[in-house]
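Reader: I'd like to go through the labels on this model one by one. Can you back each of them with a value and a cut-off?

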Amino acid sequence: TLLAGYEAQYYDGPWDIGENFNKSNGLVRWSRRTENSRYAVTFMGYDATWDSADQIPLRAVESGLISELGSLDDDLGGRTDRYSLSADYSRSGADSMTQANVYVIRYRLNLWSNFTYYLDDPDNGDEFEQVDDRIVYGANFKHSIFNQQLAGREMQQTFGIQFRMDDIDAVGLHRTMGRYTRLSTVREDDVREISLGAFYENEIKWTDRLKSILGVRGDSYWFDVDSNLEANSGKEEDSIISPKLSLVYSASDNVEIFLSGGFSFHSNDARGTTITVDPTDGVTPADAVDPLVRSKGAEIGTRMSWGGLNASIALWYLELDSELLFVGDAGITEPSRPSARYGIEFANYYSPFEGLTFEFDASFSEAEFRDHDPAGDKIPGAIDTVVSAAATFQSESGWLASARLRYFGPRPLVEDASVESGDSTSVNLRVGYQAQSWGLFLDVLNVFDSNDHDITYYYASRLPGEPAEGVEDIHFHPLEPRTLRVYFTWNY
């Protein structure tokens, strides 16, 4: 079987500067199936260029300097491309399944931004370029064995190995002016990062209603950084073991109760593991970060189904030893503090009869730093309430209609929560007709023309004529205003 697809898109957007977004992507896949196996080779490509209206300071809008759809720097935007080639194999036996894949990815990115305007460089402005140019190699293997017995209990086992290498020819941060004029290089690095993981999973059905799923995973990382500052070059490695356990109990044919807990981790930017001096001045000492940072979490919940209703509810907890971050805008690594998050999530799907469905999902959570600091214990940007709801109707004659609501609650922008973002609500509608070979649809995005903010930050920036230390202010990017889109599709 040969499958091929191509898509091209141009989008100017509602912004005052024009988005000029040009995107093209394509796919070619050859696949073959036999009685118990499948082979596939896939090539994918993606290319895009765009201009960007980044987040803007609230004071610039309130003073009339720019509109909510305006921009303070017309040179911002980016270009990127990504090409990949992969091969997949799977084989099913009477009591086993084997899956494997290998892949190679070519990825490049140039991104121009300016968040502080004239704070650092009053003459040329604070525009900067982030560069990423890499080739990624990887492979995954998994083998599952079914219908085994342990002390008379039904058992299933899975073994797996995962490998990935990022060969990064250049990842850098440059001060620029007018997009293409580089004024200076903050830092530029060649990086080799290799990760190797192995895992084992054991599922045992203890009774007709109770089963356990035990897993353990081991990961090793190797980092090799060649920086333009010799003091920030070096090699580092780390390994970590992550066990996990789940218990699932079927209280009835319609109700399932689960309890899960385990350890995991997140990896940090390779450049942060070997850093010794601040790249912005090449002198100020900088602390290296741990390559791998432990996390642990747990959840308890239930899943239910009656007739056309499927519902679930879960209580969860997640703890991170550190939220260490690489700050790409500054070219430095900032160690953050240990944190804890906990919350409750609801997911509901209901279909009273064929053709009509309702969805309602909600999440309520708290996110706090676990150590004491006079600055406060709130995690900036952590949203405590997320709600989505939808209703969809599709008749046998081909007519369809849907409405979807999305709500993000307010969130703290600084650690003491003295500054918060507003909440954000958007509603989208679709009506249309789908015939056997063609379809006509109308989408109304942001039906109520909300001017809520898509993103919100709080930091210091400087506009012309303002004090040298800048002004602390809310910086935001608004939702796109009400938009109508008409689609026509034809299948042949």
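Reader: First, what share of the residues of the protein count as buried?

Author: This is a predicted model, so take everything here as computed. Of the 492 residues, 37% count as buried, and that label means under 20% relative accessible area.

Reader: Why is arginine 179 called buried?

Author: Its relative accessible area is 11%. The cut-off for buried is under 20%, so arginine 179 is buried.

Reader: And what makes arginine 179 and aspartate 51 a salt bridge?

Author: Their closest N and O atoms are 3.1 Å apart, and the rule asks for a side-chain nitrogen within 4 Å of a carboxyl oxygen. So the pair passes. It also links distant parts of the chain: arginine 179 sits in the loop between strand 8 and strand 9, aspartate 51 in strand 3, 128 residues apart. By this rule the count comes to 25 salt bridges.

Reader: Which residues does aspartate 75 touch, leaving aside its neighbours within four places in sequence?

Author: Trp112, Glu127, Gly178 and Arg179. Aspartate 75 itself is in the loop between helix 1 and strand 5.

Reader: Why is aspartate 75 called partly exposed?

Author: Its relative accessibility is 31%. Buried needs under 20% and exposed needs over 50%, so aspartate 75 lands in between and counts as partly exposed.

Reader: How do you know that arginine 217 and aspartate 219 form a salt bridge, and is each one buried or partly exposed?

Author: The N to O distance is 2.8 Å, against a limit of 4 Å, so they do. Arginine 217 has 23% relative accessible area and is partly exposed. Aspartate 219 has 5%, so that one is buried.

Reader: What ties glutamate 256 to arginine 303?

Author: A salt bridge, with the closest N and O atoms 2.6 Å apart. Glutamate 256 lies in strand 12 and arginine 303 in strand 13, so the pair ties together parts that are 47 residues apart in sequence. Glutamate 256, at 23%, and arginine 303, at 38%, are each partly exposed.

Reader: Last one: what makes up the nonpolar surface patch?

Author: The patch is about 850 Å², and its residues include Trp206, Tyr249, Ile300 and Leu315. Strand 11 gives the most, with 3 residues.

Conventions
Residues numbered from 1 in each chain as written. Predicted model: local features only at pLDDT ≥ 70, side-chain atom pairs only at ≥ 80, totals over all residues. Heavy atoms only, no water. Buried < 20%, exposed > 50% of the residue type's maximum accessible area, 1.4 Å probe, protein only. Patch = residues over 30% accessible without salt bridge, like charges linked within 9 Å, V, L, I, M, F, W, Y side chains within 5 Å. Areas by Shrake-Rupley, 256 points an atom, 1.4 Å probe, with all protein chains shown as cover. Helix = DSSP H or I, 4+ residues; strand = E, 2+ residues; numbered from the N terminus. Contact = heavy atoms within 4.5 Å.
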